Every structure is written in structure tokens, then in C-alpha cells.
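Please keep the structure in view while reading.

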Amino acid sequence: MVCDSGGAVDTAAHDRRAHQDICQQHESELYGAYNQLKTGLDQQDALAVAKAATVSTRLFLKANWNPFGSDLLALSEAMGWGICCAHSGTVFGILLTDRQDVHRAWGACSRLVGEDALLGIYQLVPGGIRYV
């Protein structure tokens, strides 16, 4: 599921220094997430991929504010889902490992963001996890 809060980020002016500092401070955690991601992809383990993405998103939010970021992170962790962010934090993806969770995710995210963000449900890679 995708939550797009809109907005634009000037990539050239984007504060990369904050990202570098956070990455250096949490280097071992990021390497752990990277290894978890590789293992998850190799073993077709969607939950491992979701957990690795969540680590990255949690650290990303330390450097970038988003009106829904912290709440979506808390929701996804409470529900056992994963979360990823893209487009400099204006878009979040809720990573579901069970198709049955789609309706719960839609309801929970709709209540959280209201009409202030665009929601959509997408299967990003048909046929399961694979290297692209």
C-alpha cells in the first residue's frame, strides 16, 4: 500500500549532511538491515525484507520530517507490517506480507491520513520477491 503525502523536494538543496551523520551513527544497524534484506531476497522471505526496510525508514525519519511518517511507522510496527519510504520521504509504502491485511491496512491508514494524502494499493513485484 502506498501513502503519498505530496510535496516536492529540491534534490540539489536536500540536506544530505544529516543523512550522512545518521548513517555513520547507526552504521552497524544499517549493515544488519542490509544483510537481512539480502537474506530475505535470497530466501523469498517477505517478512525479513519488510523488517529491513523498516530499519531504514526509522533512521530516515530522524533526518526528515513528514506529517505522517512517525504515525505510519508506529502503525506498521504495531500491526507487524513493514514500511519503506521513497521520493525523499514524501511517499511511504506499507509492506504487507499477508494479502488478508490489505483491508485492515487501508482502513487504518485512511483513518490516520484522512484526505491529506493519496492512498493506493499496488503489488509492486508480481509473483513474489525477486531481484529486479
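Helix H3 (residues 46-63) lies across E2 and strand E3 (91-95). Its direction runs at about 50° to E2. The model is predicted.

- Four strands form an open sheet in the order E2-E3-E1-E4.
- The pairing in this sheet is antiparallel.
- Strand E2 (82-86) and strand E4 (118-120) are the edge strands, each pairing on one side only.
- From one strand to the next, the twist averages 20°.
- Strands of a sheet pair through backbone hydrogen bonds, either parallel or antiparallel.

**E1 against E4**
- Strand E1 (residues 2-4) pairs with E4 over three bridges, in the antiparallel sense.
- Val2 stands opposite Gly120 in E4.

**H4 against H5**
- Two packed helices are described by the angle between their axes and the distance between the axes.
- For helix H4 (residues 69-79) and helix H5 (residues 101-113), the axes come within 11 Å and cross at roughly 150°.
- An angle over 145 degrees counts as roughly antiparallel, so H4 is roughly antiparallel to H5.
- The crossing of H4 and H5 is right-handed.
- H4 contributes Asp71, Leu72, Leu75 and Met79 to the contact.
- H5 contributes Arg104, Ala108, Cys109 and Leu112.
- By class, the contact of H4 with H5 has six nonpolar residues, two charged residues and no polar ones.

Technical notes:
Residues numbered from 1 in each chain as written. Predicted model: local features only at pLDDT ≥ 70, side-chain atom pairs only at ≥ 80, totals over all residues. Heavy atoms only, no water. Axes fitted to C-alpha atoms, helices over the stretch in contact; angles between N-to-C directions. Helix = DSSP H or I, 4+ residues; strand = E, 2+ residues; numbered from the N terminus. Parallel < 35°, antiparallel > 145°, perpendicular 65-115°, else oblique. Left-handed = near helix turned anticlockwise from the far one by under 90°. Contact = heavy atoms within 4.5 Å. Nonpolar A, V, L, I, M, F, W, Y, C, P; charged D, E, K, R; others polar. Pairing = 2+ DSSP bridges.
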